[in-house]
Amino acid sequence: MTQIIDRRLNGKNKSAVNRQRFLRRFREQIRKSVSDAISQRSIKDIDKGETVNIPTRDTNEPIFSHGPGGRREIVQPGNTDFVAGDKVPRPPSGGGGSGNGKASNSGEGEDDFVFQLSREEFLEFFFEDLALPDLVKTQLATISEHKMVRAGYTTSGVPTNINVIRSMKGALARRMALRAPYQAKLKQTEAEYEELKQLHEENHPRLLELQEEIHRLRTKINAIPFIDTFDLRYNNRIKEPSPTTRAVMFCLMDVSGSMNEERKDIAKRFFILLYLFLTRTYKNIDVVFIRHHTTAKEVDEQEFFYSRETGGTVVSSALELMYEIISERYPTSDWNIYAAQASDGDNWEGDSPACREILVNKILPCLQYYAYIEITAYEHQSLWREYEKVKEVFPNFAIQDIAGLTSIYPVFRELFKKQAA
Amino acid sequence: MSTTTTTRKKRRTPISVTSEWTPELIQQYDKEIARVAEGYKLDTYPNQIEIISSEQMMDAYSSVGMPLGYHHWSFGKQFLDTERRYRRGQMGLAYEIVINSNPCIAYLMEENTMTMQALVIAHACYGHNSFFKGNYLFRTWTNADAIIDYLVFAKKYIAHCEKRYGVSEVELVLDSCHALMNYGVDRYKRPSPLSTEEERTRQHEREEYLQSQVNDLWRTLPISEKEQDKKKEARFPTEPQENLLYFIEKNAPLMEPWQREIVRIVRKIAQYFYPQRQTQVMNEGWATFWHYTILNTLYDEGLLTDGFMMEFLQSHTNVIAQPPYNSPYFSGINPYTLGFAMMSDIKRICEDPTEEDRQWFPDIAGSNWLETLDFAMRNFKDESFIAQFLSPKLIRDLRLFAVLDDDTKNTLEITAIHDDSGYRKIRQAMVEQYNLSTREPNIQVYNVDIRGDRSLTLCHTQHNRKPLNDAADEVLKHLTRLWGFTVRIDTIKGDGSRELTHECRVRQK
């Protein structure tokens with residue numbers, strides 16, 4: 001007896017665990033591939049999967065078998081013109097002679113083991129062990145905000161919420177229902193009255209009786225109220241908690257003369273990483289780009305990364321502008337605010353304390369997180385020293401320095417390392 | 001009712017006319033195929049046909065056809081590789097996977113046309129199925145009733161170990177066991193039957209018992225000088241042992257009980273798959289022969305349309321295509337071709353023997369083909385099947401020739417072709433080619449230095465001077481990990497001389 005079972009609806013990812021095991025085993029190699037990919041990819045297509053190559057010698061599972069050499073006799077099909085005793089030169093592939101059954105498999109032997117990492121897995125590797133500081137906390141704790149949403153109708157409420165159409169529909173239905181028995185009787189009585197009227201005189205007792213009846217029925221019908229409190233329907237609204245899934249990310253970058261192309265490029269990559277990281281946590285992310293030299297200016301992405309402009313450096317100008325924008329457009333009750341600042345640390349000496357003032361008094365209290373990276377290979381200057389003071393007071397403030405392109409990744413990880421709960 | 005039976009047969013309406021399949025149609029085809037198969041006296045386990053999608057097929061692929069496998073990265077690797085090659089169009093997926101169990105489980109892909117589903121049902125559910133049930137190797141070495149249960153047990157046990165001892169620890173053991181999987185089979189001794197219940201209840205006892213046995217083996221009692229001298233002569237094990245994993249499971253000095261159990265699981269699964277490796281040509285040949293015969297019978301009965309037959313024949317022809325040795329598509333002898341040709345040839349010899357056949361096969365020439373084929377299916381494995389039934393006609397048809405590759409000579413030599421003096425030689429060479437014990441290096445446990453450093457010595461008996469491959473050192477590392485002490489391989493050359501060829505040392509603590 002044959003049993004037919006349709007398994008198509010069963011989960012198809014039976015191998016998912018094995019796939020994870022594979023990724024886990026070759027974690028180091030894959031991580032290296034991912035790291036290379038980050039430093040080589042152009043900014044705009046960073047958010048994609050990646051092809052990973054792992055040397056076959058690492059993935060091979062060794063088993064005992066015969067190596068080349070020795071004496072072996074092999075039967076092959078499709079002889080055309082050999083006769084017994086013929087001597088033929090050894091084919092260049094050597095080893096396995098004229099190729100036994102396994103030759104075609106081992107032919108691939110030297111290639112890498114290639115497979116595709118999905119976008120999610122790629123980012124997973126990239127962001128491994130990372131989470132924004134206090135993220136879970138803010139996400140869960142800030143559900144203080146509620147939104148009213150419509151939820152059908154109720155039979156009680158305040159007069160302003162009366163839904164007229166719905167109430168009138170109800171009233172109409174009620175009237176028709178209550179009228180129905182009288183209406184039918186009325187019709188019947190009227191018909192009888194008309195009929196008798198043809199045959200008898202006006203004051204025939206039956207006619208008078210019918211007249212009386214018709215009058216009684218009409219009164220009854222008219223007595224049905226046009227609208228009743230029973231008919232009233234009110235719009236119903238309920239409160240729903242609305243988690244703040246919105247975040248805004250401020251990118252501040254120094255474009256003064258001392259920031260050369262290479263340093264800008266490093267900063268660029270850092271911002272991209274931050275942006276990608278936030279896209280994984282928030283549905284809607286606003287990004288505000290502020291570039292500054294002696295004065296600050298809000299610009300679009302294109303201009304931020306690609307336009308050229310130089311001048312001196314007054315960092316506080318950017319911070320002031322950022323504060324203005326926050327107060328105007330991003331109330332802290334609705335937005336999670338993150339900021340990342342990149343600079344080479346060159347600031348006009350007298351300005352640095354001012355920067356600290358603005359940060360401590362105005363900006364940091366509104367922010368989830370502020371990351372400052374200094375891209376320099378030299379001694380830290382006044383700005384760094386001032387920022388170090390800030391760091392002592394605010395745990396959501398972090399500073400790091402980056403020496404070159406390759407150190408972005410570790411620094412990024414360091415900055416956003418999972419904080420111990 | 002005046003029509004004769006033959007004309008009535010011709011008039012029967014086909015089961016289906018389009019290439020779309022439905023579960024009802026599959027049921028109908030299965031019914032008809034079962035009827036015909038029964039007519040040919042195919043004895044099968046009950047069938048369980050499962051319809052799956054191509055993704056699920058890839059899943060099934062990567063767990064080597066085990067319906068429930070334990071988790072291991074190598075299956076993930078297999079999956080990634082299959083997926084990549086499938087996506088790129090470098091390979092198609094098999095139309096079917098069939099599992100030697102009772103009931104016999106066959107997977108059918110939903111993408112197949114009705115014709116392909118019917119072909120697969122005939123091939124897997126009646127061809128392979130009857131082979132699993134009838135062939136002596138499967139009857140002796142595997143237990144179709146218990147395998148699914150055992151796999152469930154294995155999967156649970158290994159998952160349990162992972163929880164308790166960590167994924168990495170378990171992975172280490174599995175890696176090492178997989179490296180030795182081919183050497184985890186008893187080639188001659190019959191294994192005890194598998195049963196989940198027993199496994200579960202006895203597993204704990206076994207752990208303790210084994211551990212005590214091991215300790216006994218390594219007991220270090222003071223032994224008098226004389227006795228020690230005497231003992232030195234005796235080897236442990238007294239006879240060389242071919243089942244390396246079994247030996248490890250029973251004797252490795254430092255293993256934890258759960259590690260021994262994992263070794264046992266891998267060994268049992270290796271044993272279960274061993275007959276499949278020994279009967280590839282026969283098994284595929286048998287299944288191909290029967291799908292061909294059954295579907296042709298149905299066509300003759302008027303149950304299949306011409307269109308169905310065209311599609312079926314096209315795919316059948318693809319399956320049994322054999323490119324010649326010098327073709328770019330050549331990748332060895334196609335087991336489907338060889339098997340199908342041999343099965344059909346046996347039928348021919350029975351039904352329509354030539355003078356040559358009578359000379360070569362006096363026993364079967366002119367006999368009942370159904371009985372002869374059944375006998376052949378039941379009592380042989382690839383090597384003996386070829387030794388018994390490869391006919392001169394087939395050698396001519398396939399134009400087989402034997403090439404000798406000797407590394408001491410500069411050229412290859414054609415030693416035999418399809419002529420009178422060559423038939424026997426070619427047949428002999430083919431037998432060698434399908435003999436698992438010459439295809440795989442002969443490696444056995446030779447000695448353990450129980451009184452000394454506990455090192456394990458294997459001996460590799462060379463066959464035709466063939467050396468071990470480069471991976472041997474890696475495998476040896478795995479073996480060392482399981483054994484816990486130094487492991488070495490002595491190679492025994494053709495002239496009987498011994499030489500230490502591989503060694504993996506473990507530093508004494």
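1. Strand E1 of chain A and strand E1 (residues 47-52) of chain B run parallel and are joined by 4 bridges; two strands are taken to pair if DSSP finds at least two bridges between them. Within this pairing, A:Gln3 stands opposite B:Gln48. Helices (H or I, at least four residues) and strands (E, at least two) are DSSP runs, numbered from the N terminus.

2. The model is predicted: local features need pLDDT of at least 70, side-chain atom pairs count only at pLDDT 80 or more, and totals for chains, interfaces and linings use all residues. Residues are numbered from 1 along each chain as its sequence is written, and chains are lettered from A and ligands numbered from 1 in the order in which they are written.

3. The contact between the chains takes 53 residues from chain A and 78 residues from chain B, two residues being in contact if their C-beta atoms, placed from the backbone, lie within 7 Å. On the side of chain A that touches chain B, two or more residues come from each of strand E1 (3-6), helix H1 (16-25), strand E3 (71-76), strand E4 (87-89) and strand E5 (112-117) of chain A. The residues of that side comprise 18 nonpolar, 20 polar and 15 charged. Here Ala, Val, Leu, Ile, Met, Phe, Trp, Tyr, Cys and Pro count as nonpolar, Asp, Glu, Lys and Arg as charged, and the others, Gly among them, as polar.

4. Chain A contains 14 helices and 13 strands. Of its 421 residues, 26% count as buried, that is, with 20 or more other C-beta atoms, placed from the backbone, within 10 Å of their own. Among the contacts in chain A with a separation of 6 or more, 81% are between residues 24 or more positions apart.

5. Strand E12 (residues 369-375) of chain A is largely enclosed by the rest of the structure, because 7 of its 7 residues are buried. A:Tyr369, A:Ala371, A:Ile373 and A:Ile375 point one way from the strand, and A:Tyr370, A:Tyr372 and A:Glu374 the other way. In a regular strand the side chains alternate between the two faces of the sheet.

6. E12(A) is parallel to strand E11 (residues 336-343) of chain A, with 6 bridges joining them; A:Ala342 stands opposite A:Ile373. E11(A), helix H12 (residues 351-363) of chain A and E12(A) form a right-handed β-α-β unit. Right-handed denotes that, with the strands pointing away from the viewer, the path from the first strand over the helix to the second runs clockwise.

7. E12(A) is also joined by 6 bridges to strand E13 (residues 397-402) of chain A, and these two run parallel. The bridge partner of A:Ile375 in E13(A) is A:Ile402. The chain passes from E12(A) through helix H13 (residues 382-393) of chain A to E13(A) in a right-handed β-α-β crossover.

Terms used:
Buried ≥ 20, exposed ≤ 12 C-beta atoms within 10 Å, placed from the backbone.
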